[in-house]
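Here are a few notes for a colleague who is opening this entry for the first time. Please keep the sequence and the structure at hand while reading.

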Amino acid sequence: MKWKQVFSGTALAATIFIAMVAYYYCTTPSAAIVVSCDDFPTSLSLPFSPDALIDRVTNHLQDMITTADSGVINELGRREGLGPRPVPQKVLPIRASSRIPSPVFDEKWKGVNLNFARRLGIYLRIKRLLELRVVGLPQGGWRLLASVKERPEYSPRETGSAPHGGGQCSDLESCADDVAEQTLKFLDYPRLLNFYIKLNAENGNHQILELYQNTVPVQSLVADDRVAWGNAFFSLHRYDDALQKYQEALAENDKYCPARIARGFLYFNRPHGTQIVADLRQAEKDFRWGVDCDSRNKFAQTNLCSTLIREWANSQPRVPQLLVDAQDHCKRALDSDPRFVVAAVNLAYSLYRQGKHQDSLAYFENIGQQYPTDSALFVNHGYFLYLEYLAGNKDALQPAIEKTQKAFSLNGESYAAADNLGFFYYETHDYAQAHEYWLKADPLRGNDVDSTAGLALALSKLGHEEEALVLLARVVQSNDHYRNPVFLRENSDWSEQAAADLAGLILKLPPRR
């Protein structure tokens, strides 16, 4: 009887073991890649376990794939003309060998445990295994290596080595993420490219350039790739390189709307010098193409609205019809999305520039209550209050500062807010504050001449005239309009005081050669 009980228990254990193997064999996709890790060298004492390393690499791989395959793209990318790239059809499931459904799986019964059965079922099913290995360095520290083993040979092929630039790992997270990104590049570089495009971060843009230059086959490039490539250059302020890629896309298909919109966005945003009107007219042409492609595209409508407003502001003589057309396109954007605050701000701007000052300021107050966290809205509200100050309402300067301070607190990367605050504080004779904000503005738009000219004014007032003249010489060399303070007062909303102070500095510049 005792023998029968023992036999029955063993049979039950074997049955459960086989059932568990079969379950994980059947439920694991054959295309799955299982992440595993060798034991760490005994000479290393690390503050994390092999399971923690597996989980970090697995999570980052899964997150990148999910982001890459999503249809979501950030607003900036959509304004630049890049639509969501096609979602890859290939499924790439990632599994962690470390993860168990329950602690019960590690309990031994009759000498075996369910986790062993789980792993066996998975390993029998999969065709590829991603192995992680931590190696110690002679000088101390460690590096992380990754390799893929594929059936039937299971010969390892290295997929990553972190840090990829050499040296030793400083922490688990950065090295695990580094090796995960290198591995995804090896497994499916289009997905990694898609991930970086969706990420829209500086490092990601550098990686996009690297992928296009060194990994993506030239013969596979299509117009959408050239737009994405150009957008990465644009985000890194390499405008000439970006323009070249947009032109290449349009050379393949001159009616390709994403390239038209992207090129228009570049003409609208790049530093212009004395070519600003020509740039804006080219942007207008490209955005009109975008509107014709899709009249319900709120981004194209608003881009066109913004361009027409800037054309009006920079043209001589000014053409009132440009403001009327701008207002029309912003209204069309709001028809598509009544909560599209960018279009609402531009609509208020066009109203003000048409002489409807009180209507515009009242509209700003109204939308400011509806969208209390929109930085651009408060930048523009502050700017128009400043214009009221220039028109003679001296009480409007402090509210202009307050609105613009709020804008900068909402977005510390806003060049317009920082540059405007420089000018506003200059009017209050707080030259130290003006200098501080112009210093903040200067790198936000790649040494823009307006904030650099402001820095020169502030430095002069603070007793650093020699340094001020060096900056001013650079400004006037870049844009000859800054030799003409009257032009700046009439066309760029410089105050009489700022223009007069600039005129005094210009007289101290060395004569032209």
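1. Which helices are included in what covers the buried residues of α20? In this predicted model, the cover includes α19 (449-461) and α22 (496-506).

2. Helix α20 itself runs over residues 465-478 and reaches 20 Å from its first C-alpha to its last, close to the 20 Å expected at 1.5 Å a residue. Its buried residues are A468, L469, L471, L472, V475 and V476. They lie on the same side of α20, because they cover an arc of only 165° around the axis, whereas E466, V470 and Q477 are exposed on the other side.

3. The structure holds three disulfides, and, with bonded cysteines counted along the chain, they follow the pattern 1-2, 3-4, 5-6. In the disulfide of C169 and C175 the sulfur atoms are 2.0 Å apart, and the torsion about the S-S bond is about -100°, so this link is left-handed.

4. C257 and C293 form another disulfide, with their sulfur atoms 1.4 Å apart. C257 lies in helix α9 and C293 in helix α10 (residues 276-293), so the pair ties together parts that are 36 residues apart in sequence. C257 counts as buried at 15% relative accessibility, while C293, at 40%, counts as partly exposed.

5. Helix α9 also holds R260, which is buried with a relative accessible area of 12%. Leaving aside neighbours within four places in sequence, R260 is in contact with L250, D254, D286 and W289.

6. A disulfide also joins C305 to C330, and with -95° about the S-S bond this link is left-handed. Both C305 and C330 are buried.

Technical notes:
Residues are numbered from 1 along each chain as its sequence is written. This is a predicted model: local features need pLDDT of at least 70, side-chain atom pairs count only at pLDDT 80 or more; totals for chains, interfaces and linings use all residues. Side-chain values use heavy atoms; hydrogens and water are left out. Helices (H or I, at least four residues) and strands (E, at least two) are DSSP runs, numbered from the N terminus. The expected span of a helix is 1.5 Å times one less than its number of residues. Buried means under 20% relative accessible area, exposed over 50%, partly exposed in between (1.4 Å probe, protein chains only). The arc is that of the directions from the helix axis to the C-beta atoms. Contact means heavy atoms within 4.5 Å. A disulfide is a pair of cysteine sulfur atoms within 2.5 Å.
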